[in-house]
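Please keep the sequence and the model in view while reading.

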Amino acid sequence: MNLNIVEYPDKKLREKSKEVKSFDSKLHELLDSMYPIMMNTNGIGLAAIQVAFPLRALILNIPDEDGEQPDENLIEMINPVLSNYSGEIVYQEGCLSVPKFYEDVKRYSNITVNYQDRDANTITLEAEGLFAIAIQHEMDHLDGLLFIDKLSYSRRKKFEKEYKRMQKDKKNG
Ligand code: Y12
Ligand code: CO
């Protein structure tokens, strides 16, 4: 499957993704195709809507302590739901759909998430730190939200200005 990353300000990123009901070969093909895109662009998380599929599916590969991302670290979450959350953590986030922009975002530091794997098995997982941040960031995509939506008014304005300038520079080579 040939996929491309949808970039801000594309309105597609604002779509609310739909529950996955068919755990079939089409879903498997989508997940299989998302993985190399994420890895080849140094990503640690990618939601299906970021490759233009409005489905409640996301993948994660959180780096080890040594910064490596072995394939065994891949987690696929289908229809994820937060069932518990606590604490606060601030982290400088980035997004493959908002390239070259990083900003501090506050999120829950500890979460419990219920989801299904690619074969519809139900899984409950507890996460903290970077893992918890990445899950929340990707789950926001499923509801059409981006990390820039969580910035203060002044930081958001700064982002819009910087982003417009970057787009202009890109156009003019
Ligand atoms: C912490 C913060 C954010 C997340 C969500 C997942 N975000 C990413 O995976 C971001 C990846 C990213 C990769 C980039 O590198 C390339 O595109 C080659 C990047 O660089 C540029 O834009 C030039 C920006 C973001 C999880 C945990
Ligand atoms: Co993102």
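What radius of gyration does the chain of 173 residues have, beside that of a compact globule? The chain has 16 Å, which agrees with the value near 16 Å of a compact globule of 173 residues; the radius is taken over C-alpha atoms, and the globule rule is 2.2 Å times the number of residues to the power 0.38.

This is a predicted model, in which local features need pLDDT of at least 70 and side-chain atom pairs count only at pLDDT 80 or more, while totals for chains, interfaces and linings use all residues. Residues are numbered from 1 along each chain as its sequence is written, chains are lettered from A and ligands numbered from 1 in the order in which they are written, and side-chain values use heavy atoms, with hydrogens and water left out.

**Overall build**

Three helices and seven strands make up the secondary structure of the chain, in the order α-β-β-β-β-β-β-β-α-α from the N terminus; helices (H or I, at least four residues) and strands (E, at least two) are DSSP runs, numbered from the N terminus. The C-alpha atoms fill a box of roughly 45 × 40 × 35 Å along the principal axes. Of the 173 residues, 43% count as buried, a term for under 20% relative accessible area with a 1.4 Å probe and protein chains only. Among contacts (heavy atoms within 4.5 Å) between residues at least 6 apart in sequence, 64% join residues at least 24 apart.

**The cobalt site**

The cobalt ion (ligand 2) is coordinated by C95 (SG), H137 (NE2) and H141 (NE2) at 2.1 to 2.2 Å, donors being N, O and S atoms within 2.8 Å of the metal (3.2 Å for Na, K and Ca); water is not among the atoms, so sites may look incomplete. Along the chain these donors follow the spacing C-x41-H-x3-H. Because C95 lies in strand β4 (residues 89–95) and H141 in helix α2 (residues 129–142), the pair ties together parts that are 46 residues apart in sequence. Both C95 and H141 are buried.

S17 is found in the segment before α1 (25–40), whereas M139 lies in helix α2. The contacts in the table leave aside neighbours within four places in sequence.

| Residue | Relative accessible area | Contacts |
|---|---|---|
| S17 | 5% | I49, P54, L55, R56, H141 and L142 |
| M139 | 13% | L58, P80, V81, L82 and V113 |

Methods: Buried means under 20% relative accessible area, exposed over 50%, partly exposed in between (1.4 Å probe, protein chains only).
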